[in-house]
Amino acid sequence: MQAPDEKPEICWSCNENEATEPFAYPGAPLTLVCARCLEWLSMRDELEHVLGQSLELAERGHIDEALERLNAFLEKSRGCDHDRRFARRVAHVRAMILSDAGRYAEAEQACKAWAQLGFTRVSERWEHGFETALALDALGRPREALAALEDALGHRDPYLFSVGEKLVALVELSEKLGQPVDPKWQSLAEAVAEAYGIEMPAHESLAERMLALAEMTREMLPKCARDSENDDRTRKPPQLDE
Amino acid sequence: MATRLTASLGLALGLGFVFTPFGCGSGPIGNPRPSHHGSGDGPSVPAATVSELEACAEHGAGRLKGTHYAIIFDVDVMESGEVRAAKIRESEIGDREIETCMEHALQAMSLPGVVTPLRSSAPEGVMLSPHARGAMGNVVVLGPAVSLVPVLIVAAGVTIIVVVTAHAVEETAEAIRRRPRKVEKLCYPLLEECLENPWQPEWNRRKFGNYKQCEACFDHCVKKAVWPEDKCPRPGSRPK
Ligand SMILES: [Zn+2]
């Protein structure tokens, strides 16, 4: 019971509202959060569960069921998805599922709807550009596919996670159109080598260098994400927004 | 009741079925290997797998209300003949147990010799085939599909046509490089979030130190498909 002269506890999650609701991470002590955050935190947990379930359903061929699961979550979470971050994650998974199912026209539409939600992170743009390129290429529109990919890669992602697939796509789409990889992407190749702490491969063409980089980084995380590199914590997290 | 799918399959596949009546003393044990007939002779579902499909039907046919059903599967076959994945493309059965049972039976079969002819006619370097990223994992879908001789099962008065299309796939380093597993795609945003909120909450510091081991948590996420919130608690919701 709160004494009359005691200040109300503030919710650790939003640092804004009075904390009234019990909440605990698995294995962690009970804390108090505000009602708004409790709903949001529960929904965030459910989102991860739903995304995993949907991918699993899709892998077993139950595509429509997987999509329905996503739709049901969107409907349920609409009220508390204030910054649309749940919707953006759902949009990504929807595009992946449709593309994997060979439903490219729908995948293209899903990518359009995803873009409508806006992007708050460069990595989202990259994934969006990549998924869009997959769909457009499969629909026989490699020129648009390359444009979508290049547009996304034009925003410099500070993390460069799973960059290999994007480099390979860039090379293959360029080849498909009978053109070399645009030399402007040399700086991207250099950024990848730097981020992953590897030597730039000594191939003659940019395309070959990119393919070699893709191969070399396949099982790696960039330096900024390695626990061994972050021991002293002197490194600041990368620049967040564009 | 012949539905749209069964009717169209009947027409399209008039080339002949592997006909496997079930029940009335013609159970899978001692059932001779189903024979092909008509002009549709070609690669077929192995006898042992046909028996398993029959068993699936036998166990569930009693639940079905209609008399005729069709189910179409796509299977991805490695060069060795190993089936990497079996997925339902379309099904009229609507009984999860029968469908999953059949899916498992097809997943366990081996189709040696079916893939090689596909490869010779496969286009070079199928680009960015997203099919290859899915259930099939790190494989590249190589070429045109081959329809196996359809299997016709009769169980407890219910007829089920099982149509299987084999797709040749090849596991290549290139394919692996191209397509990180999808679960990784789910974990990357959480890794970013962790890297941007690297400090452990106070209540976690005695157990896990001052900073989150985001890489270790990411590895856990990729392996177990769940982010370990005990080791790397996710930050709260900041009001916009
Ligand atoms: Zn709050």
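## A lysine and its neighbour in chain B

At 34% relative accessibility, B:K231 falls in the partly exposed class, which covers the range between buried (under 20% relative accessible area) and exposed (over 50%), using a 1.4 Å probe and protein chains only. Its salt-bridge partner is B:D230, with the closest N and O atoms 4.0 Å apart. B:D230 is partly exposed too, at 28%. For a salt bridge, a side-chain nitrogen of Lys or Arg has to sit within 4 Å of a carboxyl oxygen of Asp or Glu.

Salt bridges with shared partners also link A:E48, A:R89, B:E193 and B:R234 into one network. Over all chains, the count of salt bridges is 30.

## What kind of model this is

This is a predicted model, so local features need pLDDT of at least 70 and side-chain atom pairs count only at pLDDT 80 or more, while totals for chains, interfaces and linings use all residues. Residues are numbered from 1 along each chain as its sequence is written, chains are lettered from A and ligands numbered from 1 in the order in which they are written, and side-chain values use heavy atoms, with hydrogens and water left out.

## Two bridges between separate elements

In chain A, the side chains of A:D64 and A:R103 pair up in a salt bridge at 3.1 Å, N to O. A:D64 is in helix α2 (residues 63–77) and A:R103 is in the loop between α3 (85–100) and α4 (104–116), so the pair ties together parts 39 residues apart in sequence. Helices here are DSSP runs of H or I with at least four residues, strands are E runs of at least two, and both are numbered from the N terminus. Both ends are partly exposed: A:D64 at 44% and A:R103 at 22%.

Over in chain B, B:D74 and B:R89 form a salt bridge with their closest N and O atoms 2.8 Å apart. Here the link runs from strand β2 (residues 68–77) to strand β3 (residues 83–91), so it ties together parts 15 residues apart in sequence. B:D74 is buried at 15%, whereas B:R89 is partly exposed at 47%.

## The zinc site

Four cysteine SG atoms hold the zinc ion, from A:C11, A:C14, A:C34 and A:C37, at 2.2 to 2.3 Å. Donors are N, O and S atoms within 2.8 Å of the metal (3.2 Å for Na, K and Ca); water is not among the atoms, so sites may look incomplete. Along the sequence, the donor spacing reads C-x2-C-x19-C-x2-C.

The angles between the four donor atoms run from 103 to 118°, which makes the arrangement tetrahedral; that label requires all angles to lie between 85 and 135 degrees. Ideal tetrahedral angles are 109.5 degrees. As for burial, A:C11 and A:C14 are both buried.

How values were computed
Four donors count as tetrahedral if all angles lie between 85 and 135 degrees; four count as square planar and six as octahedral if opposite donors are over 155 degrees apart and all others between 65 and 115; anything else is irregular.
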